[in-house]
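User: I would like to go through the structure below and understand which cut-offs stand behind the words used for it. Please set each value against its definition.

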Amino acid sequence: MSEGTEAEGPGPGEGFPGVDGAATSTTGDNPLNRLAAAMRRISGVAVALPLSDEELAAAGAELAALADRLEAAAPAEKLTRLQPTMDGHPQDHFPTSPMVGFANPIAPPVDVWAVTGEGGQREIRGKVTFGYQYEGPPTCVHGGVIAELFDELLGLANIIVGQAGMTGTLKVRYRRPTPLLAPLELVSRFTGRDGRKIFTWGGIYYEGELTAEADGIFIEVLPGQMLGIVSGNANVAEAPLVDRAWRRMMAQGVEDHNRPGRDSRTP
């Protein structure tokens with residue numbers, strides 16, 4: 001990996017010596033993170049370890065009862081989602097991400113942090129060990145999981161340099177099988193821009209060898225366009241899809257759209 005890579009660090013979720021210090025979303029006495037970690041352990045056991053039908057049936061009944069209790073206790077609205085900025089620790093941008101979110105039980109999760117790369121530009125570094133849940137070919141990380149990881153890493157690399165966008169094209173090259181249950185090192189960086197097109201690269205390494213890399217083209221999304229995307233998806237969802245903050249923005253967007261004298265060409 002290139003100069004600036006942090007080879008060592010504390011255990012998962014304890015922060016790494018990047019330029020931003022330790023993340024806040026992965027540390028401390030966080031009940032949501034503890035719940036997600038327990039669910040992660042259960043899913044790993046369920047898909048990979050031999051258990052009797054009796055054990056599985058009993059666990060299924062207990063978990064179904066727990067799910068019923070949690071659903072009954074939760075209000076009918078979505079948890080507030082933080083909006084990422086180029087400031088702060090990259091791990092904290094998406095605490096419920098399906099890849100880097102320690103609060104998400106389907107996330108591995110991936111540890112990420114920022115370093116200063118060539119030319120003084122901030123870049124993403126990371127590490128992850130994929131568990132049994134992410135197996136594709138025997139002993140290998142599933143190729144689709146690798147693509148999902150790149151989508152997140154490249155997006156974070158853009159955010160931390162103020163070049164956020166939505167994925168337009170993601171080209172993944174699988175150089176060699178990426179091993180399961182093995183420590184992997186990660187890197188991603190913003191590489192350029194042409195108009196609204198944002199270019200980014202990322203790589204996955206095992207013991208210093210590149211196992212996969214990706215080039216992404218991201219598209220800048222204007223605020224009005226993002227509001228339209230969110231509003232459209234929220235209107236067709238079968239359950240609450242946006243939190244109160246987004247509902248306020250959506251309502252303000254309708255008000256602005258209906259404002260007399262508004263230029264209809266404004267996004």
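User: Why is L35 called partly exposed?

Analyst: The relative accessible area of L35 is 35%, and because buried means under 20%, exposed means over 50% and partly exposed covers what lies in between (1.4 Å probe, protein chains only), L35 counts as partly exposed. The residue is found in helix 1, where helices are DSSP runs of H or I with at least four residues, strands are runs of E with at least two, and both are numbered from the N terminus. L35 and N104 are 69 residues apart in sequence, yet their C-alpha atoms are 8.9 Å apart in space.

User: What kind of model is this, and how are its residues counted?

Analyst: This is a predicted model, in which local features need pLDDT of at least 70 and side-chain atom pairs count only at pLDDT 80 or more, while totals for chains, interfaces and linings use all residues. Residues are numbered from 1 along each chain as its sequence is written, and side-chain values use heavy atoms, with hydrogens and water left out.

User: Which secondary structure elements does the protein chain contain, and in what order do they run?

Analyst: The protein chain has five helices and six strands, and from the N terminus on the elements follow the order α-α-β-β-α-β-β-β-β-α-α. Of its 267 residues, 35% are buried. Among contacts (heavy atoms within 4.5 Å) with a separation of 6 or more, 61% come from residues 24 or more positions apart.

User: What makes strand 1 an edge strand?

Analyst: Six strands form an open sheet in the order 1-2-4-5-6-3, with antiparallel pairing. Strand 1 (111-116) and strand 3 (166-174) each pair on one side only, which makes them the edge strands. Two strands count as paired if DSSP finds at least two bridges between them. Strand 1 and strand 2 (residues 122-128) are joined antiparallel over six bridges, so this pair meets the cut-off of at least two. Within that pair, W113 stands opposite R125 of strand 2.

User: How do you know that strand 6 pairs with both strand 3 and strand 5?

Analyst: Strand 3 and strand 6 share eight bridges in the antiparallel sense, and ten bridges join strand 5 (residues 197-206) to strand 6, again antiparallel. Strand 5 and strand 6 form a hairpin with two residues between them, and E207 in the turn has a positive phi of about 50°.

User: Why is the contact between D20 and R122 called a salt bridge?

Analyst: The closest N and O atoms of D20 and R122 are 3.1 Å apart, and because a salt bridge is a side-chain nitrogen of Lys or Arg within 4 Å of a carboxyl oxygen of Asp or Glu, the pair qualifies. This pair links distant parts of the chain, since D20 belongs to the segment before helix 1 and R122 to strand 2, 102 residues apart. D20, at 26% relative accessibility, counts as partly exposed.

User: How many salt bridges are found in the whole structure, and which residues are linked in a network?

Analyst: A search of the whole structure gives eight salt bridges, and R173, R175, E213 and D215 are linked in a network of them. E123 and R125 also form a salt bridge, with their closest N and O atoms 3.0 Å apart, and both residues are buried.

User: Why is L51 called partly exposed, and where is L51 found?

Analyst: L51 has a relative accessible area of 40%, which is why it is called partly exposed, and L51 is found in the loop between helix 1 (31-48) and helix 2 (53-73).
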